[in-house]
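Here is a short tour of a model for anyone who likes to check backbone angles and packing by eye.

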Amino acid sequence: VSSTALQTSQDAIAALVQQHHAGLRSYLRWLGAAGDVADDLVQDTFVAALARPPVERDPAATAAWLRTVARHLLLRQLRTAGRRGRAVELDEAAAAWERHLGGADDGEAFRAALRACLTELTPRQGEAMRLRYGDDLPVAAVGERMGIGLAGAETLLRRLRAVLRACIERRLA
Amino acid sequence: MSADVFDRLLEHVLRDELAPAAPLPTAELATRIAAALAGRSARRAAVLTSPATAARRAGGRARRRWLPYAIAGAAGVAVALTWLAAQPSGLTCSRAVLLATTADQPFTAGTHVAAPSFAWCIGDVPVELTGPDGTAASAAPGTAFVIDPQRRSARLLAGALELRGRAAPWRIDADGVGEVAIVVADGCAVRCILTPEASPPTDPTDPTMTPNALRARLRDLAAPATLTVLVLAGTAELLTAQGPAVLPAGSSRTIDAGAERTAVARARELYEQVRKELPPANDEASTVARKDLDERFHELIGLALQQPAVVTALRPAIAQDLAGGRLGAEPCARAVQLALLDEEPRMFSLATRAWEQHPERFGLEEQIALTERGFAPARGKLRESLAQMRGVQVGRVYAALAAGGDESARPALGRFLRADVADAGRDIQRFDARCYAAAASQQLGDAAPMRELRTALVAQVETWVASGDPQQLALADSCLQRGEYWLGSQQPRLSWPDVRVRAASPQRGTPDAASLRARATALAAK
């Protein structure tokens, strides 16, 4: 019986992790945590959360609650590292996340709108986006690949982000 | 919300969408969390904190709604303790090591590991750990690892750990080398060395030192991790993204995470080059440029077949190129080949879409690749081309047709399966044809031809090796190399077989009798 109970509990942990792992990691990265720090904090968040089970919530509320725990853990780590000045910046970032991605669908509508908007770009625009954000090339290298200078690439990427923003807002309206 | 913050958020989501990072695998994370919780439960049983205190610590104020859950949690702890009590009593250390049951708990000296723990072997002499079932481990000075006696798992963080398994298998993995694990069964002994071996420079008496701090200091060493596995006795199993591999006694394997990162960077660079259209080869310069591009493409294919991370890294760019339909004919053909070397269904689907637009761009290998995975239009075309084929090439086409669901091709496999391995010296292609037919049979659910091929090959290798003739040794080497792909892969594919065989079995220099026998033994054990 004990073994079965333990297995059930592990299944529940696996289900919770499966559902919220990617979103939580992305959130911590957005708040400025480095990749390895984000990995550690995601683990600590789940451990802290599961050690103190929350009241029963729907998945969106659970995700919000996990983000709160994760943000507190990150804040604690920043304070330990003596980086108090980052807290304000972090609050602003957290607010931006909640505004655009922290809704009932955990940001899926935003992401779906973005994916749809990406398909509306011209091939050249799509290429610029892929080089900059998919291959993580510096802006200068993107300019070089696109046959334009650094300033041209900066302008192109800025305009594309504006186009995407308008498109996303239109689709979400 | 300022446009600036939205812009940054958009950039972040774009990176998530266009280049999703590879976080810790979810299953592994869940296991770690379960282990950490088990450790907490065991620790908290002694000093069970009141629910109100726990709530105050968590959020700064008591929350009565936690009470039912805290009671349930306490009941859970009791269940966990009952379960833990029923288990063997952990591992005993030959001398004190630093132990911590959670990542944020300071290390304390101890000589017994009962619960999942971080262990750090300080001092100048190795530490021996022994379990009640006879399991024995030895940790070199400076070694840090996570060990769970109940789950029979260990995760190496730094240093060298030797484990002699008894009873149920143990599983060892290591930080920083990706999804790799070694299964150590009863009677097997392995030594795992994670380099850099140097323990982080720190003061082991620091009362605030925690496993998290230790990990952070290990990260600060910033050297690429290499895991070397040496099998001292018995047979170990190595689990990687490419599937399981059997490591017999005396064999060793090195997993180099640094090499993987380098390969991914190189592959990205190469893909950028091969996706470009080159002008026709009208003069010497353009001919040289074409030849150079071909070499780069072959290098890229080799990287893709040897490093699964390369395939994953290239996937978004290839998918975008194929979906966009803007590549020229030759770059498109190269992208299609890369897509067909990828087992991801989405990439196969993109390749089939490319077929629908330009079927004339698909050569024999692409047709075989599509056919063996059941794409009917390519199957029809491949069947038509059978009429113009001669020799054992026909064997591979029949094998692809049969594997892809063409029932009429299945009876033709029989004559290729009857090829004698001993005849490989006269015509190696007949041996190849038997491999193709056996692979197709296996895909259709009949594993007997593969088993028979394995037995025949291992026996024949012994005959060739016993002759001592250098030519026979070279023949044994060549057939073993083929066997290592066809018999060693989880799902061998019939397209581009030469490239796949070469990628699966790197060159080892001049073959000698001992190494050939060891390889044959390893092949027999798979």
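## Loop residues with positive phi

B:Ala167 is partly exposed, with a relative accessible area of 47%. Keep in mind that this is a predicted model.

- B:Ala167 sits in the loop between strand 7 and strand 8 (170-174) of chain B.
- Its phi is near 60°, which is a positive value in a residue other than glycine.
- Most residues other than glycine have a negative phi.
- B:Arg152 also has a positive phi, near 55°, and is likewise not a glycine.
- You will find B:Arg152 in the loop that links strand 6 (144-148) to strand 7 (153-164) of chain B.
- B:Arg152 is buried, as its relative accessible area of 14% is under the 20% cut-off.

**A buried arginine in a helix**

- B:Arg334 is part of helix 9 of chain B, which spans residues 329-340.
- With a relative accessible area of 9%, B:Arg334 counts as buried.
- Setting aside neighbours within four places in sequence, B:Arg334 is in contact with B:Val274, B:Lys276, B:Leu293 and B:Phe297.
- The C-alpha atoms of B:Arg334 and B:Arg275 are 7.4 Å apart, although 59 residues separate the two along the chain.

**Helices 16 and 17 of chain B**

- Helix 16 (residues 448-467) and helix 17 (residues 470-486) of chain B pack at an angle of about 160°, and their axes are 9 Å apart.
- The two helices of chain B are therefore roughly antiparallel to each other, since angles over 145 degrees fall in that class.
- Helix 16 of chain B passes helix 17 of chain B in a left-handed crossing.
- By class, the residues of this contact comprise eleven nonpolar, three polar and no charged.
- On the helix 16 side of chain B, the residues that meet helix 17 include B:Met450, B:Leu457, B:Val461 and B:Trp464.
- From helix 17 of chain B, the partners include B:Leu473, B:Ala476, B:Cys479, B:Leu480 and B:Trp486.

**Helices 11 and 13 of chain B**

- Helix 11 (residues 364-372) and helix 13 (residues 393-403) of chain B pack at an angle of about 30°, with their axes 7 Å apart.
- That angle makes helix 11 of chain B roughly parallel to helix 13 of chain B.
- This contact holds six nonpolar, two polar and three charged residues.
- Among those taking part are B:Glu365, B:Ile368 and B:Glu372 in helix 11 of chain B, and B:Arg396, B:Val397 and B:Leu401 in helix 13 of chain B.

- Chain B contains 19 helices and 14 strands.
- Chain B has 526 residues, and 47% of them count as buried.
- Among contacts in chain B with a separation of 6 or more, 58% involve residues 24 or more positions apart.
- The accessible surface of chain B is about 23700 Å², with 53% belonging to carbon and sulfur atoms.
- Chain A has eight helices and zero strands.
- In chain A, 45% of the 173 residues count as buried.
- For chain A, 59% of the contacts between residues at least 6 apart in sequence join residues at least 24 apart.
- Chain A exposes about 8300 Å², and carbon and sulfur atoms supply 53% of that area.

Conventions. Residues are numbered from 1 along each chain as its sequence is written. Chains are lettered from A and ligands numbered from 1 in the order in which they are written. This is a predicted model: local features need pLDDT of at least 70, side-chain atom pairs count only at pLDDT 80 or more; totals for chains, interfaces and linings use all residues. Side-chain values use heavy atoms; hydrogens and water are left out. Helices (H or I, at least four residues) and strands (E, at least two) are DSSP runs, numbered from the N terminus. Buried means under 20% relative accessible area, exposed over 50%, partly exposed in between (1.4 Å probe, protein chains only). Contact means heavy atoms within 4.5 Å. Accessible areas come from the Shrake-Rupley method with a 1.4 Å probe; for residues, only the protein chains shown count as cover. Axes are lines fitted to C-alpha atoms, for helices over the stretch in contact, and angles run from 0 to 180 degrees between N-to-C directions. Angles under 35 degrees count as roughly parallel, over 145 as roughly antiparallel, 65 to 115 as roughly perpendicular and the rest as oblique. A crossing is left-handed if the near helix is turned anticlockwise from the far one by less than a right angle, and right-handed if clockwise. Ala, Val, Leu, Ile, Met, Phe, Trp, Tyr, Cys and Pro count as nonpolar, Asp, Glu, Lys and Arg as charged, and the others, Gly among them, as polar.
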